[in-house]
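Here's a quick briefing on how this protein packs inside. Have a look at the model first, then work through the points below.

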Amino acid sequence: MIPVLSRAQMRAFDKHAIHHCHVPGVVLMENAGRGAADVISAIIEAGSAAPSGAAARPAPPPHLAAPAKALWPATLASGGGPRAGSVPPPPNGRRDADDARAARVRAFPVRHVPSPGQPATYPLHARVVVVCGAGNNGGDGFVVARHLLARGAEVQVFLAASSEKVTGDSRINHDAYVDLGGALTELPPGAALAPLEAALAEADLVVDALFGTGLDRPIEGHLADVIGVLNTAICLCIALDVPSGLDADSGAPLGAAVQADETVTFGHLKIGLLTPEGARLAGNVHVVDLGVPDRPILAEVGHVAEVIRKETVGASLRPREASVYKHQAGNVLVIAGSSGKLGAALLTARAAMRTGAGLVTICTWADAAPAMESRVVELMTTSIDPDRIAASLDGALAGRRAVAIGPGLGLDERARAAVDHVVLGWDGLKVVDADALTHFAGRPEALATARGRLILTPHSGELGRLLGRSARAVEEDRFGAVREAVARTGAIVLLKGARTVIALPDGRMLICMAGNPALATAGSGDVLTGLIAALLCSMEPSAAASAGVLIHALAGDVWRAQTGSDRGLLASEIAELVPGLIAALAAGVDPLSGQV
């Protein structure tokens, strides 16, 4: 299990470790800062090595060009490894900074670094600026600065407050850094930020240690100005715990927010890092431990979500018996398509076949059925008689193991009648997507009365319509929205997007860390619907949902690794990759590295 914690749970974790396990807070701060320094050292060591598939960048400064052994291989999951070094700074200006950031490959992988040791080949040849706040996150920054200074880096700390404001464990580390000869410049409110701007113009990387997970109010005034300076810097930006200004629970920016290239988070993933906006602001995430055993503390404080693991999905993909026949392999009915929208039905049905369903039938409207029949080979077809909707659907449903309903079906009254009949009246396993979801806009409670078990697969727009709010409101609180949808429908709800979330009726949430922007292509969601429907034939619904989401996302990652592109993927190509991914996961092989 890879647990994900909320702001309150992480506070409780630290409090339990300090008060019940008698681990001093200053020890936790030391372990966090040292772990971050290890990751930063590895990033510096990685030098100018470009991630797999990345375009060549200009040569790094000479002091970062010397080869050194990296902590991990240069190519990582989702097409990128740790990056280090800066490109020669162009003329200062916001546009130059934006262009430089856009040129970087941002794959958003999460790296767990349980015990990296000290990877650096000393001395570290890098100019590092650390920007600290007066709280505990600033204390972490002082620990990082001390360790990097000890490893030979040229370090300069800027404190966005006066030293008198630093107290407790943070004060201990402030004094240790200063008394060891560390350079410190105070930037209290009202101070000019020109010294920080000048230092960043010469820096190879900057460490954001302004605010941690405790922030729960918008950042304004002087501190917002400091963040603005960080965001215009051309050098690599590494955030500690969460990018300053990011809400650790919702993943929404609280006013000004740091745009990091890498984030080193402490102890456990924070749920706000696992939203599309959180991922955009955090960049690549590295998790370092706090030097305390997790299990007894997590048993006390709990966790809000779990990351879907390849090993868990692979264990659920059991080999078939030699005697299996097509009906045992899975009999799926795809109720989808209409005149002018046959592609959605075909993509859903083909994905179900590629995922292992032995028999897949497309059930569509009688006026669209002839065109559908001319385009299928392995698939069967049947039609919905608009004058006998219930009777024709009941005939098509007979003997089916699972149903996928909605893609391209239509939004007229006859489609609504068909959707209500199947979703609410049939007692089997159903994946409800696209137009079928839209028919329940403003009436989610009707789904709670449905016979059988439901998996809903909305994107933020469809979920917003279901709950009576905008897509933007859903994105601003993805976890709250998906929990509300489960509470009102009683279904498994799968909210699609970067970092797809699956919420279960028992209160659990599962988050998919795989996937990339190549999956933002027409028909991608239809393929996911067919994947899950086929998996429902041999898996319990929550397992089918998580397996389908992960396989779908990994298909995008494998395609990008093969092509080096984050665009141009066709939805039909996703399905073609599925059998190989199932085989790899079932064998315990990482589909991207090819290693067990």
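Contact here means heavy atoms within 4.5 Å. The model is predicted, so to speak of local features takes pLDDT of at least 70 and side-chain atom pairs count only at pLDDT 80 or more, while totals for chains, interfaces and linings use all residues. Residues are numbered from 1 along each chain as its sequence is written, and side-chain values use heavy atoms, with hydrogens and water left out.

**Cores**
- A nonpolar core is a set of buried (under 20% relative accessible area, 1.4 Å probe, protein chains only) Ala, Val, Leu, Ile, Met, Phe, Trp, Tyr and Cys residues joined through side-chain atoms within 4.5 Å.
- The largest one has 63 residues, and L536 is among those with the most contacts inside it.
- Helix α21 (residues 541-563) is the top contributor, with eleven residues; helices are DSSP runs of H or I, at least four residues, numbered from the N terminus.
- Leaving out residues up to four places away in sequence, L536 touches R401, A402, L429, V431, I455, P541 and A544.
- Another core lies apart from that one, with 59 residues, including A418 and M513.

**T489**
- T489 sits in helix α19 (residues 478-489) and is buried, at 2% relative accessible area.
- Its side chain reaches the backbone oxygen of A485 at 2.7 Å.
- Beyond neighbours within four places in sequence, T489 is in contact with P444, L447, A448, L456 and L466.

Key. Buried < 20%, exposed > 50% of the residue type's maximum accessible area, 1.4 Å probe, protein only. Helix = DSSP H or I, 4+ residues; strand = E, 2+ residues; numbered from the N terminus. Polar contact = N/O pair within 3.5 Å; in protein donor to acceptor, adjacent residues only side chain to side chain.
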